[in-house]
Amino acid sequence: MAVCARLCGVGPARGCRRRGAAREQRRGGGAADSEPDTDTDPEEAGGGGGGAARREEGEEEDEERIEGARPAPSPAEAGPAARASLSLLELPPELLVQIFGSLPGTDLPSLARVCTTFRRILRTDTIWRRRCREEYGVCENLRKLEITGVSCRDVYAKRINPRVKSGRFMKILPDYEHMEYRDVYTCLLHRYRHILGLWQPDIGPYGGLLNVVVDGLFIIGWMYLPPHDPHVDDPMRFKPLFRIHLMERKCATVECMYGHKGPHNGHIQIVKKDEFSTKCNQTDHHRMSGGRQEEFRTWLREEWGRTLEDIFHEHMQELILMKFIYTSQYDNCLTYRRIYLPPSSPDDLIKPGLFKGTYGSHGLEIVMLSFHGKKAKGTKITGDPNIPAGQQTVEIDLAHPLQLPDIENLRDFSELSRIVLEVQEQVRREEQEEEQRQEGEDRSQQAAAQPTVQPLEGEGAKGEETVAEAEGTVQDKAPDSQPFVLPMGVISRNEDYPRTCRICFYGTGLIAGHGFTSPERTPGVFVLFDDDRFGFIWLELKSFSLYSRIKVSFQNAEAPSREAFDEMLKNIQSLAT
């Protein structure tokens, strides 16, 4: 007979006769009070079997045992000894299931080592299902997946396998009927938790954006791609690069999704903190029957949405062919480094985040906009042979707003150039004065025998107030909107840009030759159109880039702190350099 027929189940059961008798023995038996129940009955270890008849026969008796198997004494009669005799082991199993289910999954193995009773209760799948749902967002029912399949988005990732036996969809999914949520948690979710989040692949100057998420009972790595050039306002495209799931109990399977022949054998290795690598073990699945020419035509349609004959610009054709040759050699054997979304502040000009922008013949690229006091920075997440991924493509000086001329004079490029160059000269003078002031402070500190800290704090506070006041003045003086048009001679890949803007700032843009040779920062104009779009006029290149916000809710992408985000920016820029 089981020690408790409902020990591993959830329901109205409140105990059993044998459990009540054991509780009475512990109360009257001295040393037995501290010994956990170590009966290893197979029926009990297997989970909640029947027992409804026994529950009906002893319902009143069971309820009394939950209280302590005897009438509860009055508060006056209850002394320290009576209160000390109460234990977690005396709680009903279903209540322990609820308590254990509210604990972090990482604490449950330690709890299982307390006693045999706890270990048996922790076999209850309800506990692990709750941990999977609350910690990783898993909401599928294991017992229904064989019928309902997977989430709609997974249809693309879990496409038809070459080993189809019959029907439209073969049984490429695991045998969920004999799988438990405890296995899903321990062997899949917890094991690969360190690769969840946003990542940048190391693909030379091109970079990329990968989001690894828990999708159903799979962990999938989705590569996000900008829309086809020059449609900057279109939504992002995405495709799966790999997936991880349990094909068999306690055995996670990694599959490469690259190519057009379905999922095949792959491998993932966590190199170190915030870095992992993927490897495809069957690269022949990436090849096409038509050879490299067919692979190139297919890649070109996916990457650019057109054929090579549609691209008349010779330089653009060379850039496209170069990117195909460079990226295809990796065969999805890549190293990824973690990136974070920029933290936001109520004082930010707009909400920071990821944007897609036009970069001439290089097409659309992904840029991260972040705010750093009186500066805003645009860092490339995807790049090109001139300015690689990780470099700071634009920097905006929020302390120097620009007052644009009227719409007629704005069409004159020389007039806009004159305004920007005047502000550039002003910025240089201020930087020189700041350097001289800093040198003077350093000399005075060295000359003083006992330097005083208070003046330095006062000056620092004053400097912060000056920046805050400058930004506040900009916000107060800026109109809701003003007419905007590109000057004559400025080239734009997208002519469908907004014709009104909120405010403009002086900024600098990074330009360089092929291979990131002779890089230099040149003056430009940052144009804020609305909360989701901004532009940048490159004076040196007579070019205009339009940026549009990426409206995707990326999971596990928030930076743990401002310092962690700043460190991440430094790391990706140093790697790019």
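This is a predicted model: local features need pLDDT of at least 70, side-chain atom pairs count only at pLDDT 80 or more; totals for chains, interfaces and linings use all residues.
Helix 14 comprises 15 residues, 314–328, and extends 21 Å from its first C-alpha to its last, close to the 21 Å expected at 1.5 Å a residue. Its buried residues are Met316, Leu319, Ile320, Phe324, Thr327 and Ser328. Viewed down the axis of helix 14, these residues fall within an arc of 140 degrees and so line one face of the helix. The packing partner of the buried residues of helix 14 is helix 13 (291–304). A salt bridge also joins Glu303 to Lys323, with the closest N and O atoms 3.0 Å apart. This pair links distant parts of the chain, with Glu303 in helix 13 and Lys323 in helix 14, 20 residues apart.

Within helix 13, Arg292 forms a salt bridge with Glu295, the closest N and O atoms being 3.3 Å apart. The two residues are three positions apart in helix 13 and are therefore separated by about one helical turn. Arg292 is partly exposed, at 43% relative accessibility, whereas Glu295 is buried, at 10%.

Across the whole structure, 28 salt bridges were found. One of them pairs Arg493 with Asp229, the closest N and O atoms lying 2.2 Å apart. Arg493 is located in the loop between strand 14 (491–492) and strand 15 (500–501), and Asp229 in the loop between strand 3 (218–225) and strand 4 (237–248), so the pair ties together parts that are 264 residues apart in sequence. Arg493 is partly exposed, at 31% relative accessibility, while Asp229 is buried, with a relative accessible area of 4%. Elsewhere, Arg130, Arg131, Glu134 and Glu135 are connected in a network of salt bridges.

Methods: Residues are numbered from 1 along each chain as its sequence is written. Side-chain values use heavy atoms; hydrogens and water are left out. Helices (H or I, at least four residues) and strands (E, at least two) are DSSP runs, numbered from the N terminus. The expected span of a helix is 1.5 Å times one less than its number of residues. Buried means under 20% relative accessible area, exposed over 50%, partly exposed in between (1.4 Å probe, protein chains only). The arc is that of the directions from the helix axis to the C-beta atoms. Contact means heavy atoms within 4.5 Å. A salt bridge is a side-chain nitrogen of Lys or Arg within 4 Å of a carboxyl oxygen of Asp or Glu.
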